[in-house]
Amino acid sequence: MTPLVAQSTADARLQVAHPVIDHWLVAVNDHDLEQVCSLYLPDAILLPTLSQTIRDTPGSIRDYFVQFLAKPGLRASLEHCYVQEYSEIKIDSGVYLFTWQENGHTKAAKARFTFVIKDNKIAEHHSSLVPF
């Protein structure tokens with residue numbers, strides 16, 4: 001009986017809306033630097049997918065996305081997202097896929113993510129490549 005309860009709880013978390021993530025995906029797919037950056041709180045922390053540098057200022061977050069959004073043909077898609085809601089924050093965690101063109105070939109990066117959202121803005125964003 002316990003596995004069914006656990007499964008239904010997970011399924012319910014998958015069904016919850018994730019508007020900040022949806023806006024983030026649209027902004028990334030539009031290569032809209034200003035819109036992407038506007039989704040982060042001024043004191044947000046970004047642990048990016050394709051960089052070893054922790055970004056902890058608006059300028060450093062912007063610098064990452066200048067490079068990231070410049071990838072030719074960059075597209076982002078959500079594979080799945082779990083949502084946990086608490087009194088003052090929401091945590092969205094899951095997997096997304098990035099694709100882009102490089103030297104005439106399509107490159108892909110599947111990554112796990114966690115967004116901590118406060119007041120409909122991103123307070124923390126951790127993204128790491130899915131291991132092979």
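This is a predicted model: local features need pLDDT of at least 70, side-chain atom pairs count only at pLDDT 80 or more; totals for chains, interfaces and linings use all residues.
Biologist: Which residues of H4 are the buried ones, and how do you know on which side of H4 they lie?

Modeller: The buried residues are Ser60, Ile61, Tyr64, Phe65, Phe68 and Leu69. Around the axis they cover an arc of only 155°, and therefore they are on the same side of H4.

Biologist: What reach does H4 have from its first C-alpha to its last, and what reach is expected?

Modeller: Helix H4, residues 58–69, has 12 residues and reaches 16 Å, which is close to the 16 Å expected at 1.5 Å a residue.

Biologist: Why is the pair of phenylalanine 65 and phenylalanine 68 called edge-to-face?

Modeller: Planes over 60 degrees apart count as edge-to-face when the ring centres lie within 6.5 Å; here the centres are 6.2 Å apart and the planes stand at 80°, so the pair meets both conditions. Both residues lie in helix H4, three residues apart, about one turn of the helix, and both are buried.

Biologist: What makes the pair of tryptophan 24 and tyrosine 96 stacked?

Modeller: For a stacked pair the planes must be under 30 degrees apart, and tryptophan 24 and tyrosine 96 have 15° between their planes, with 5.5 Å from centre to centre, so the pair is stacked. Tryptophan 24 lies in helix H2 and tyrosine 96 in strand E3, so this pair ties together parts that are 72 residues apart in sequence. Both of these residues are buried.

Biologist: How many aromatic pairs does the count come to, and which residues form one aromatic cluster?

Modeller: The count comes to 12 aromatic pairs, and one aromatic cluster is formed by Trp24, Tyr40, Tyr64, Phe65, Phe68, Tyr96, Phe98, Phe113 and Phe115.

Biologist: How do you know that the charged end of lysine 71 sits over the ring of tryptophan 100?

Modeller: The distance limit to the ring centre is 6 Å, and the direction must also lie within 35 degrees of the ring normal. The charged end of lysine 71 is 4.9 Å from the centre of the tryptophan 100 ring, and it is listed as sitting over that ring.

Biologist: Are cysteine 37 and cysteine 81 buried or exposed, and how many disulfides does the structure hold?

Modeller: Buried means under 20% relative accessible area; cysteine 37 has 17% and is therefore buried, and cysteine 81, with 3%, is buried as well. The structure holds zero disulfides.

Technical notes
Residues are numbered from 1 along each chain as its sequence is written. Side-chain values use heavy atoms; hydrogens and water are left out. Helices (H or I, at least four residues) and strands (E, at least two) are DSSP runs, numbered from the N terminus. The expected span of a helix is 1.5 Å times one less than its number of residues. Buried means under 20% relative accessible area, exposed over 50%, partly exposed in between (1.4 Å probe, protein chains only). The arc is that of the directions from the helix axis to the C-beta atoms. A disulfide is a pair of cysteine sulfur atoms within 2.5 Å. Rings of Phe, Tyr and Trp (its six-membered ring) pair if their centres lie within 6.5 Å; planes under 30 degrees apart count as stacked, over 60 as edge-to-face and the rest as tilted.
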